[in-house]
Amino acid sequence: MNSRNIWMTHAGNHREFIMKRQLKKLVAGALATLVLGAGSSAQAADVFPTKPVRIIVPFAPGGTSDSLARILGQKLSEAWGQPVLVENKAGADGNVGADFVARSPGDGYTLMLLDIGTLTMAPVFYSKLSFDPLKDFAPITLIQFSPHALAVTNSLDVKNVADIVAFSKANPGKLNFAASNNSARLAGAQFQQATGVDMLQIPYKGAAAAMTAVIAGEANVTLNGLFIAGPHIKGNKVKPIAVASQKRMTSFPEIPTLIELGVPQFVTGSWQGLLAPASTPRSVVSKINADLTKVLATPEVRDRLVEQGAEVIASSPEDFAKLLREQTASFQSVAKASNIKPE
């Protein structure tokens, strides 16, 4: 072999050696980054939170989600030793606030508490969303289920579903329905499908406004979360007809279910849950889930929610994500049957 070939072979071997060494460095660096990333993520969860946390409520003050956020925010603040601030970002049936959270940093310091109907129904009512309800959020935990209460204004002379059906037939075009959000709107459509009752739906900005309208007689009928309707029922400000649950609620045993009154399998209501931006580290999601689960298990919080007509639920992130998928498919089916088209 001449000197030129020897030199080229040596150079080739040297380059191969250098490339292998560089590759080892790159692999080692990548592994170190992964380890450090996992370590820093775990460390972040260990010390979380180190500054104030915001809970975004994408509705007006006074509704179920807002009330819950303030109750739980206070308890989480005590547990964390950091302020937990509740901010209302209402608009477009919750889409404004949801979009804000979807675009927020995934560090655990911006959370969202809402009726999950906002997410599962958004594709039903809106053809163009600036966020993907199933991809842009990290579910943390379900909090509670508050069945819808079918309530009427006190001046309406009805006592049960049969009376409402009879009134509707005798007075066509006279009944109107106070819809506080898309969840109530779709529940009203389901009730009309199931009973044949004719009602004009009137949209209101939030559950509190819808209840006020029924109390004042401005609207005749509503399906609103029992968590919000309950105090008005106890105060005799509205007349309860039924609850949309599988069984009677412990806090309101005198109110029959819609199933009992002849509306088969009518179960609707307000599921509240806590979510974070999708990029939030799993360790931080798990930390918040564990801390909120402890809060929900305290007798002070649990008894308060149950007394107001809620069923307390502390779920895993996986179970919450499953419910989101299932309800999205279910509501799209109902919308198709009701000929509700996205705008």
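The crossing of α6 and α11 is left-handed, meaning that the near helix is turned anticlockwise from the far one by less than a right angle. The model is predicted: local features need pLDDT of at least 70, side-chain atom pairs count only at pLDDT 80 or more, and totals for chains, interfaces and linings use all residues. Residues are numbered from 1 along each chain as its sequence is written, and side-chain values use heavy atoms, without hydrogens and water.

Helix α11 covers residues 317–337, and α6 packs against α11 at an angle of about 55°, the axes being 11 Å apart. Axes are lines fitted to C-alpha atoms over the stretch in contact, with angles from 0 to 180 degrees between N-to-C directions. On α6 the contact (heavy atoms within 4.5 Å) is made by L186, Q190 and Q193, and on α11 by F331, V334 and A337.

The largest pocket holds about 560 Å³ of space. A pocket here is an open set of points on a 1 Å grid where a 1.4 Å probe fits, with protein on both sides within 12 Å along at least five of seven lines; lining residues have an atom within 4 Å of a point. The lining has 38 residues, of which S180, N181, Y204, K205 and G206 are the closest to the pocket centre. α6 gives the most to this lining, with four residues. Among the other elements that give two or more are α2 (64–80), α7 (207–216) and β9 (269–277).

How values were computed:
Grid points are joined across faces, edges and corners, and a volume is the space filled by probe spheres set on the points.
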